[in-house]
Amino acid sequence: MANLSHYRNIGIFAHVDAGKTTTTERILKLTGKIHKTGEVHDGAATTDFMEQEQERGITIQSAATTCFWKDHRFNIIDTPGHVDFTVEVYRSLKVLDGGVGVFCGSGGVEPQSETNWRYANESEVARIIFVNKLDRMGADFLRVVKQVEDVLGANPMVMTLPIGREDDFVGVVDLLTRQAFVWDDSGLPENFEVKEVPEDMVDQVEEYREKLIEMAVEQDDDLMMAYMDGEEPSMEDIKRCIRKGTIALDFFPTYCGSAFKNKGVQLVLDAVVDYLPSPVEVDPQPLTDEVGEETGEYALVDVNEPLRALAFKIMDDRFGALTFVRIYSGVLQKGDTVLNSFTGKTERIGRMVEMHADDRNEIDRAQAGDIIAIVGMKNVQTGHTLCDTKNPCTLEPMVFPEPVISISVQPKDKGGNEKMGIAIGKMVAEDPTFRVETDQETGETILKGMGELHLDVKVDILKRTYGVDLVVGQPQVAYRETITQSVEDSYTHKKQSGGSGQFGKIDYRIKPGEVGSGFSFSSTVVGGNVPKEYFPAIEKGFASMMQEGTLAGFPVLDVEIELFDGGFHAVDSSAIAFEIAAKGAFRQSMPKAGPQLIEPIMAVDVFTPDDHVGDVIGDLNRRRGMIKDQSAGTTGVRIKADVPLSEMFGYIGSLRTMTSGRGQFSMEFSHYSPCPNTVAEAVIEAQREKKANA
């Protein structure tokens, strides 16, 4: 029976290009998992095994791997940094116990690091920080530590200090032991010497060591009193306090180094063992009922409890469908029958594998704390709970953001439709933020996603992995409709045609709802003018009409409907009559309520060198952007703005042209906002033409 206290389920996350994947490669090399280190820029990294990842030099899907360090088992997930793939980070954090946040020594806290840090805070994941790339021009460890405090509002606990800067960076000083680790120029991680602290750093080391101990002893009142009386706590006590504070998210042990040059990674691995929690030290996952409300019970991480596991990722590869599963409690054996509490169906466990990126080792048994993959499950999707058939339960589900951009696609050759359908079906199962639907009027297949890069990669996967060549239409924005005025109105549905007729009369108010509220229905009918049993039918009638507004046929958001009176007929009234009345009422009253087109606004974060700030801001203004914030760093300026999605297509090309290729940006959905009249008119006209041509 494996010792759960020796397990560490960790994720490595950061902004694009901060060096997550390179750090993972070094960890695998140091733990003996791989013998030749692959480089991202050569397209040879172990965890970047998709062709698209190797070409673009970015991580697209999270990769899972298992390795061992000092008798501890690490299940590591290397996550993507690009904002279009944040769902991969989100769902990985959901099943991890700890994380390593990697920051670039020169870039510092970049846009995506903020988003990932926010996700980690929401998931309450304990973290250590690794400031990477200290061998680069402009790298400054203490500046990044200050940014972590200011930008992320976090509390970094400095554990190591760098020896030398930029090209002269040779090693790190461990503040706890007052030892200097100095590497030679061979680039081999094992070629280091432990030396005395360099003379010119002694004062700085003592200053930061004192801060470290002061932060640590705050976790233990007795130690704090003794420390204030001049007694230094033992190394064991300090480490115990750091571990306690890290797990409680009071502070984040912060290390520095250069993964590419193999300097400083061992200390990070030691920190994972010393300070990050094992599965049993993390608050257990709450169990929920069918509608997602917490029941007050928890999935205790214990081998002797009934089986509870969460499917957090589906991946289709050359061996078939893989379902990645985090086991929270109990034991899972080959041949077991498990219940999928979402579908209510049982599945038999055929093959189980331990993953090493895209290689695998067959296993017969897995237990609480493990992250494994199951081959060939039929009806399991991301977020489904697998549990013991005698003890059904549901783990807290995952919530995914709605797509904001869509494109129409069709196969180049006529015979490709079926092939495309099967391929897209597999891809939708893999990625919950990727949706597909068919336009009923034009018959086109519409792909929806989180951004241009997201859909670009999907089209590329369809072409290369599944051999489906597509003709791709122009990107479309997910416009919505809402209303601006309150309307009180009445509608009667009456139909007599021999035999029993239909009758339903409703008096209602339609008014604008709170932003983000969607659709809400309430009833204040008194005296039984409309019997209660018809309320659900009336609500259903209104709700079904919210899918298509009266302005341009886009879904309707943020509308409140209140039923306050009406009338019924003892014989002719029925649920269907009142449902039809509600649909007619919607069509009648929406045009009177000041309908308005609203568009998705993106929170855009742009990095630009100093000499191009004016051009970038001018360009964002031309794109109807609202500049929210501007902050100068050592290597350039970060500009935050809210910009309509419709104005951001092709922005990366413009930004690169303006900044001579040095600019970067990321964006994520922020909110919906009313369209200016000129834009709204153009969109409505385009929709009318589309319908006329259909």
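Predicted model: local features only at pLDDT ≥ 70, side-chain atom pairs only at ≥ 80, totals over all residues.
## Strand S35 and its partners

Strand S35 covers residues 595-608, and ten of its 14 residues are buried, so the strand is mostly covered under the cut-off of 20% relative accessible area. S35 pairs with strand S38 (residues 664-674) through ten bridges, and the two run antiparallel. Within this pairing, Met602 has Phe669 of S38 as its bridge partner.

Strand S37 (residues 637-644) also pairs with S35, in the antiparallel sense and over eight bridges. Here Phe607 stands opposite Arg638 of S37. A further antiparallel pairing joins S35 to strand S30 (residues 480-483) by four bridges. In that pairing, Glu481 has Leu597 of S35 as its bridge partner.

## The sheet S7-S8-S9-S10

Strands in a sheet pair through backbone hydrogen bonds, in either a parallel or an antiparallel sense. An open sheet is formed by four strands in the order S7-S8-S9-S10, with antiparallel pairing. Strand S7 (160-163) and strand S10 (192-195) are at the edges; each has a single partner strand, so one side of each has no neighbour in the sheet. On average, neighbouring strands of this sheet are turned by 25 degrees against each other, direction ignored.

The partner of S7 is strand S8 (residues 171-174), which is joined to S7 by four bridges and runs antiparallel to it. In this pairing, Thr160 stands opposite Asp174 of S8.

## Nonpolar cores

The largest nonpolar core contains 68 residues. Val100, Leu212 and Ile242 have the most contacts inside this core. Helix H9 (residues 265-275) contributes the most to the core, giving eight residues.

Ile242 can be followed in more detail. With its neighbours within four places in sequence left aside, Ile242 is in contact with Met157, Met159, Leu176, Leu212, Ala216, Phe251, Pro253 and Tyr275. Another core, of 45 residues, lies apart from the largest one. Its members include Val459, Leu462, Leu470 and Val683.

## Aromatic rings and charges

The model has four aromatic pairs, counted with ring centres within 6.5 Å. Charged side chains also sit over aromatic rings. Arg509 lies over the face of Phe564, at 4.1 Å from the ring centre. The charged end of Lys458 is placed over the ring of Phe434, 5.3 Å from the centre of that ring.

Asp558 is not a glycine, yet its phi is positive, at about 55 degrees. This residue is in the loop between helix H12 (535-545) and strand S34 (559-567). Asp558 has a relative accessibility of 10%, and therefore counts as buried.

Arg624 is likewise not a glycine and has a positive phi, of about 65 degrees. Arg624 is found in the loop between helix H14 (613-622) and strand S36 (626-632). Its relative accessible area is 25%, so Arg624 is partly exposed. The two residues fall into separate classes because buried means under 20% relative accessible area, and partly exposed lies between that value and 50%.

Terms used: Residues numbered from 1 in each chain as written. Heavy atoms only, no water. Buried < 20%, exposed > 50% of the residue type's maximum accessible area, 1.4 Å probe, protein only. Pairing = 2+ DSSP bridges. Axes fitted to C-alpha atoms, helices over the stretch in contact; angles between N-to-C directions. Phe/Tyr/Trp six-rings, centres within 6.5 Å; stacked < 30°, edge-to-face > 60°. Lys NZ or Arg CZ within 6 Å of the ring centre and 35° of its normal. Core = buried A, V, L, I, M, F, W, Y, C linked by side-chain atoms within 4.5 Å. Contact = heavy atoms within 4.5 Å.
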